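User: Hi! I would like to learn how to read pockets, cavities and salt bridges in a protein structure. Could you take me through them step by step?

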Amino acid sequence: MGKDKTKIKPKRVADIPVTKPFMPPREEYSELLKGVWERIWLTNNGPLVQQLEEELKSKLDLDHLLYVTNGTIALQLAIKALGLKGEIITTPFSYVATTSSIVWEGCEPVFVDIEPERLTIDPHRIEEAITEKTTGILATHVYGLPCFVEEIEEIAQRRGLKVIYDAAHAFGTIYKGKSLYDYGDISTASFHATKLFHSVEGGAVIAGNPAIQEEIHHSRNFGHAGPENYFNVGINGKNSEFHAAMGLVNLRYIDQVMDKRKEQSLLYRSLLGHTPLRFLEVPPDTDYNFAYVPVILESEEKLLQAVDRLKKNGISPRRYFYPPLHQLDYVKRTPLQVVEDISRRVLCLPVYQELSGKDIERIAKLVLG
Ligand SMILES: Cc1ncc(COP(=O)(O)O)c(C=O)c1O
């Protein structure tokens with residue numbers, strides 16, 4: 001008999017990857033799926049999707065939240081709903097989806113440099129980049145740490161611009177007593193499997209303005225206002241009962257997950273804090289979610305040596321974010337000093353639920369060399 005060509009060989013993953021999705025007890029997920037089999041309601045704003053929206057709002061103390069397919073669609077829905085056109089001022093230090101969604105929506109990303117301590121968009125650079133074509137600002141709460149939201153808000157108000165926060169990393173961070181999702185005209189979340197809180201794939205749009213909420217409520221569902229009429233131009237931005245079920249079960253464990261992340265991050269800090277490596281400071285008034293463990297090395301050379309040592313030992317850190325987005329082929333390039341320097345030297349160290357203290361000690365030793 002010939003070889004079974006349908007069998008796909010799984011790729012070998014590193015012994016310690018940069019992250020691993022949290023997996024809840026399978027029985028709890030299966031239990032929720034029983035209802036899906038009974039109802040045969042698989043998607044299209046099903047009861048589990050609605051329940052997840054309610055539970056997320058209650059957990060994060062939000063008035064409004066729309067669960068969507070993923071964090072990228074969330075960004076595209078946000079840009080469209082705010083009617084952004086022309087130029088959008090944005091950060092070069094983020095994941096590619098922040099930029100590609102601007103381009104996808106037919107707008108032009110205008111990159112300004114980041115602030116060297118927090119690595120979020122530098123508000124001082126925003127003002128000088130505004131032209132008569134600018135309609136909005138799209139900034140990322142990098143690694144779940146807040147942008148300079150007051151300064152950005154002040155500029156946006158004064159210059160008549162809309163603000164979208166890519167809050168893909170911000171689940172659970174509280175700034176000045178409220179969820180980081182609750183800033184800007186719209187915030188977008190990602191619940192991708194690699195995120196602190198996940199529903200395998202998934203995302204959310206959080207908008208304060210009821211008219212914008214209504215716009216996105218319809219646009220995520222093809223624009224339907226009823227079976228035969230349409231409210232606006234839409235897209236398929238819905239999510240399924242299977243994803244919502246995963247989100248609901250994971251939400252039961254999120255406090256544990258967050259406590260563990262904090263403990264692991266603090267251990268990394270205690271092991272590497274008084275070395276030439278730099279950790280990011282948590283800004284005042286911030287209850288941080290400790291979603292990532294980024295460290296900034298002294299030089300790119302040192303970073304590459306550390307990566308090499310880690311990889312030889314079956315450990316995969318991630319150069320996150322590298323390269324910076326203003327160097328993408330499909331955008332207008334401008335030199336930006338701070339981000340070009342930082343992105344060469346920043347490394348995200350492994351962090352996930354099962355990672356042990358011993359592993360962290362081993363990783364720390366290898367990083368130092
Ligand atoms: C900063 C940032 N923005 C947007 C996204 C896109 O989210 P998603 O993967 O859910 O589409 C991600 C993550 O993947 C991200 O890290």
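Analyst: Here we go through pockets, then cavities, then salt bridges. This is a predicted model, in which local features need pLDDT of at least 70 and side-chain atom pairs count only at pLDDT 80 or more, while totals for chains, interfaces and linings use all residues. Residues are numbered from 1 along each chain as its sequence is written, and side-chain values use heavy atoms, leaving out hydrogens and water.

User: What is the volume of the largest pocket, and how many residues line it?

Analyst: On a 1 Å grid over the protein atoms alone, a pocket is an open set of points with protein on both sides within 12 Å along at least five of seven lines; a cavity is a set where a 1.4 Å probe fits but cannot get out; lining residues have an atom within 4 Å of a point. Grid points are joined across faces, edges and corners, and a volume is the space filled by probe spheres set on the points. Here the largest pocket has a volume of about 510 Å³ and a lining of 29 residues, with Tyr-95, His-192, Thr-194, Lys-195 and Tyr-320 nearest its centre.

User: Which residues are closest to the centre of the second largest pocket, and which element gives the largest share of its lining?

Analyst: The second largest pocket holds about 340 Å³ of space. Of its 19 lining residues, Gly-172, Thr-173, Ile-174, Met-258 and Asp-287 are the closest to its centre. Helices (H or I, at least four residues) and strands (E, at least two) are DSSP runs, numbered from the N terminus. The largest share of this lining, 5 residues, is supplied by α8.

User: How many cavities are there, and what lines the largest cavity by class?

Analyst: For classes, Ala, Val, Leu, Ile, Met, Phe, Trp, Tyr, Cys and Pro count as nonpolar, Asp, Glu, Lys and Arg as charged, and the others, Gly among them, as polar. The whole structure has 2 cavities of 30 Å³ or more. The largest cavity, with a volume of about 80 Å³, is lined by 9 nonpolar, 1 polar and 1 charged residues, among them Tyr-143, Ser-265 and Arg-269. The second largest cavity has about 50 Å³, and Lys-195 is one of its lining residues.

User: How many salt bridges does the structure hold?

Analyst: Side chains of opposite charge can pair when their charged atoms come close. A salt bridge is a side-chain nitrogen of Lys or Arg within 4 Å of a carboxyl oxygen of Asp or Glu. This structure holds 19 salt bridges. In one of them, Arg-278 pairs with Glu-117, their closest N and O atoms being 3.7 Å apart. Arg-278 lies in strand β12 and Glu-117 in the loop between β3 and α5, so the pair ties together parts 161 residues apart in sequence.

User: Is Arg-345, which pairs with Asp-341, buried or exposed?

Analyst: Buried means under 20% relative accessible area, exposed over 50%, and partly exposed in between (1.4 Å probe, protein chains only). Arg-345 counts as buried at 17%, whereas Asp-341 is partly exposed at 34%. Their closest N and O atoms are 2.9 Å apart. In helix α10 the two are 4 residues apart, which means a separation of about one helical turn.
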